[in-house]
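User: Hi! I am new to protein structures and would like to learn how to read one. Could you walk me through some features step by step?

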Amino acid sequence: MRNLIIDLDAIAFNLGVMRNRAGGAKVCGVVKADAYGHGMVEVARKLEQAGVDYLGVADINEALTLRRAGIDAPILAWLHDAEEMFIEALNEGIELGLANVDHLNRVAAAAEITGRLARVHLKIDTGLGRNGASEAEWPQLLKLARGLVAEGFIQVVAIFSHLSSTGEAEDLAQIARFEAAVDVARQAGISFELRHLTASDGSLNYPQAHYEMVRIGLALYGLSPFSDNKAADYGLRPAMTATANVTQVKRVPAGEGVSYGYQHRTAAETTLALVPVGYAEGLPRQASGKAEVAINGKKYRILSRIAMDQFVLDAGDDNIEAGDLVTIFGDPAALVPSADDLADAADTINYEIVTRMGGRFVRSYLGRVDQE
Ligand SMILES: *Cc1c(COP(=O)(O)O)cnc(C)c1O
């Protein structure tokens, strides 16, 4: 009755699109947050089969879930708390993004305990103001890293950072600060294989900043990180389609209030169609009155309040029946609303729309990789 259809072939296709864009750089496919709502293990299996170079996640927990599912590709995890499971991470061959002396020391201790070389990516904050060593801390972090390399506890695989996506001037300033931080690392006697800075947006905008690897999340899911350029402009194919079936239709007279708060009242005798998707599924309540959905090739605005489990469409005299397929969003090439349309209606971004889709939706996959 509620379906999230995930087109894994589209994700593999989008990997190819972004690989071409990235020139010769490696691609780290970002599958954090359950692959932005698309299903982390299924997406990772598909990306691994399609030859992705790295998989990127935020937490070690996510990385461990991938390993337990049999994923062998290199995995990078970059967001850690003070009590992190560095020992498990090293035992599972997970590479770690590190940004402070305390974490680096604890990873070295874990390397000593496990007897495994820790492969680390050192993160410099070039102006996002999130994790990443400050420029003031950077020399100290490098000095420690150099000592730990000499002791045989760590290997520095990469230097990396992340853009703020504020605007071109700010991004270019961050690129310059990144290159300066890389120079400082080289002067400190640190050798590394990779530099990586850009996510989807920076990878599309700044070919000069692809370096040896790009980290791609949103674009793999067939969505654009920009409001003015759509995914189709880059040849990307949306991977997620959310549908439901009408559960009930009824004729009502003019002047009937519909759903909580009577945000909508019928203007004339009309057909109301009930759709069993609500904010529990991730359909934002604040999109009430603005979002559109498609039935039989026609778009209908959700005029009344979206509830926890359901919303109601005012279908006028259209012939809609119980069981009819409602597309909440999908590929706009199929003349249905896009995730961007729903994001606009909810005053948010497409990232948030797809990542929060869940609740009682049942996911199904196209192009699934069979597990050995
Ligand atoms: C989420 C994330 C990415 C991927 O960003 P997209 O905009 O989805 O491509 C890359 N790098 C870091 C550090 C991230 O947190």
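Analyst: Happy to! Let us begin with the salt bridge: a side-chain nitrogen of Lys or Arg within 4 Å of a carboxyl oxygen of Asp or Glu. The general idea is that side chains of opposite charge can pair when their charged atoms come close. Please keep in mind that this is a predicted model. Here Asp183 forms a salt bridge with Arg186, and their closest N and O atoms are 3.9 Å apart. That value is within the 4 Å cut-off, so the pair counts as a salt bridge.

User: Where do Asp183 and Arg186 sit relative to one another?

Analyst: Both belong to helix α8 (residues 168-187). Because they are 3 residues apart there, about one helical turn separates them.

User: How many salt bridges does the structure hold?

Analyst: The structure holds 18 salt bridges. Another one of them joins Asp9 and Lys46, whose closest N and O atoms are 2.8 Å apart. This pair links distant parts of the chain: Asp9 is in helix α1 (residues 8-21) and Lys46 is in helix α3 (residues 40-49), 37 residues apart. Asp9 is partly exposed at 37%, while Lys46, at 7% relative accessibility, counts as buried.

User: Which residue forms a salt bridge with Asp317?

Analyst: That is Arg251, with the closest N and O atoms 3.0 Å apart. Again the pair links distant parts of the chain, 66 residues apart. Asp317 lies in the loop between β17 (311-314) and β18 (325-329), and Arg251 lies in strand β11 (residues 248-252). Asp317 is exposed, with a relative accessible area of 63%, whereas Arg251 is partly exposed at 43%. Salt bridges can also be connected to one another: Glu95, Arg119 and Glu193 are linked in a network of them.

User: What about a charged residue away from the surface? Is Glu281 buried or exposed?

Analyst: Glu281 is buried, because its relative accessible area is 0%. You will find Glu281 in the loop between β14 (270-275) and β15 (292-295). To read such a residue, ask what its side chain meets. The side chain of Glu281 makes a polar contact with the side chain of Arg360, at 2.7 Å. Leaving aside neighbours within four places in sequence, Glu281 is in contact with several residues, including Arg2, Met308, Arg356 and Phe361.

User: How do I read the backbone angle called phi?

Analyst: Then look for exceptions. Ala35 has a positive phi, near 50°. Ala35 lies in helix α2 (residues 32-37) and is buried, with a relative accessible area of 0%. Ser259 has a positive phi too, near 65°. Ser259 lies in the loop between β12 (257-258) and β13 (264-265), and at 25% relative accessibility it counts as partly exposed.

User: Which residues come nearest to the ligand?

Analyst: Of the 13 residues around the ligand, the nearest are Lys32, Tyr36, Ser200, Leu218 and Tyr351. Next, check for polar atoms. A polar side-chain atom of Lys32 lies 2.6 Å from a ligand oxygen atom. For Ser200, a polar side-chain atom is 2.5 Å from an oxygen atom of the ligand, and for Tyr351 the value is 2.5 Å. As for cover, the ligand has 390 Å² of accessible area on its own, and the protein covers 94% of it.

User: How many aromatic pairs are there?

Analyst: The count comes to 4 aromatic pairs. To read one, look at the distance between ring centres and the angle between ring planes. Phe178 and Tyr211 form a tilted pair, 5.3 Å centre to centre with 55° between the planes. Phe178 is in helix α8 and Tyr211 is in the loop between α9 (200-205) and β9 (213-216), so you can trace how this pair links distant parts of the chain, 33 residues apart. Both Phe178 and Tyr211 are buried. Finally, ring pairs link Tyr36, Tyr221 and Tyr351 into a cluster.

Note on methods: Residues numbered from 1 in each chain as written. Predicted model: local features only at pLDDT ≥ 70, side-chain atom pairs only at ≥ 80, totals over all residues. Heavy atoms only, no water. Helix = DSSP H or I, 4+ residues; strand = E, 2+ residues; numbered from the N terminus. Buried < 20%, exposed > 50% of the residue type's maximum accessible area, 1.4 Å probe, protein only. Polar contact = N/O pair within 3.5 Å; in protein donor to acceptor, adjacent residues only side chain to side chain. Contact = heavy atoms within 4.5 Å. Near = heavy atom within 4 Å. Areas by Shrake-Rupley, 256 points an atom, 1.4 Å probe, with all protein chains shown as cover. Phe/Tyr/Trp six-rings, centres within 6.5 Å; stacked < 30°, edge-to-face > 60°.
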